[in-house]
Amino acid sequence: QVQLVESGGGLVQPGGSLRLSCAASGTIVSIDAMGWYRQAPGKQRELVASITSAGNTNYADSVKGRFTISRDNAKNTVYLQMNSLKPEDTAVYYCNAKNLATMIHRHLEVWGRGTLVTVSS
């Protein structure tokens with residue numbers, strides 16, 4: 001069974017930093033892309049950042065220059081370093097994996113359960 005487990009969310013003041021982690025578990029052979037999405041109350045889920053197995057990254061315009069995504073392929077883990085946080089960054093952050101292959105199955109898309117990030121004074 002494949003799972004994505006996020007950690008690192010919490011309450012932070014504006015201007016502060018948080019680091020999210022997401023570890024994929026199971027008999028994983030490969031993962032093409034991993035990323036982070038977020039969903040604020042009353043809004044649609046949106047892409048925050050993604051990274052391919054080769055290390056190519058993509059960011060939402062709203063987080064460029066403030067957030068950094070990275071990945072440890074050996075650990076099947078993706079990280080999101082969030083700096084200069086703003087109240088509008090408040091949301092549930094979801095980890096996502098695309099084209100995840102195990103020994104017996106290929107999953108086109110896998111989602112974590114989410115971790116809440118609250119930016120407030």
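The model is predicted: local features require pLDDT of at least 70 and side-chain atom pairs count only at pLDDT 80 or more, while totals for chains, interfaces and linings use all residues. Residues are numbered from 1 along each chain as its sequence is written, and side-chain values use heavy atoms, with hydrogens and water left out.

The secondary structure consists of 0 helices and 11 strands; helices (H or I, at least four residues) and strands (E, at least two) are DSSP runs numbered from the N terminus. The radius of gyration of the protein chain is 14 Å, in agreement with the value near 14 Å for a compact globule of 121 residues. This radius is taken over C-alpha atoms, and the globule rule is 2.2 Å times the number of residues to the power 0.38. Contacts (heavy atoms within 4.5 Å) with a separation of 6 or more come to 56% from residues 24 or more positions apart.

Overall values of the protein chain are listed below.

| Property | Value |
|---|---|
| C-alpha box along the principal axes | roughly 45 × 25 × 20 Å |
| Distance between mean positions of the 12 positive and 8 negative charges | 2 Å |

Lys and Arg count as positive and Asp and Glu as negative, whereas His and the chain ends are not counted. Each charge is placed at NZ of Lys, CZ of Arg, CG of Asp or CD of Glu.

A disulfide, defined as a pair of cysteine sulfur atoms within 2.5 Å, joins Cys 22 to Cys 95 with an S to S distance of 2.0 Å. Cys 22 belongs to strand 3 (residues 18-25) and Cys 95 to strand 9 (residues 91-102), so the pair ties together parts 73 residues apart in sequence. The link of Cys 22 and Cys 95 is left-handed, at -85 degrees about the S-S bond. Both Cys 22 and Cys 95 are buried.

Asn 76 occupies the loop between strand 7 (67-72) and strand 8 (77-82). With a relative accessible area of 18%, Asn 76 is buried. Residues up to four places away in sequence aside, Asn 76 touches Cys 22, Ala 23, Ala 24, Ile 28, Ile 31 and Met 34.

How values were computed:
Buried < 20%, exposed > 50% of the residue type's maximum accessible area, 1.4 Å probe, protein only.
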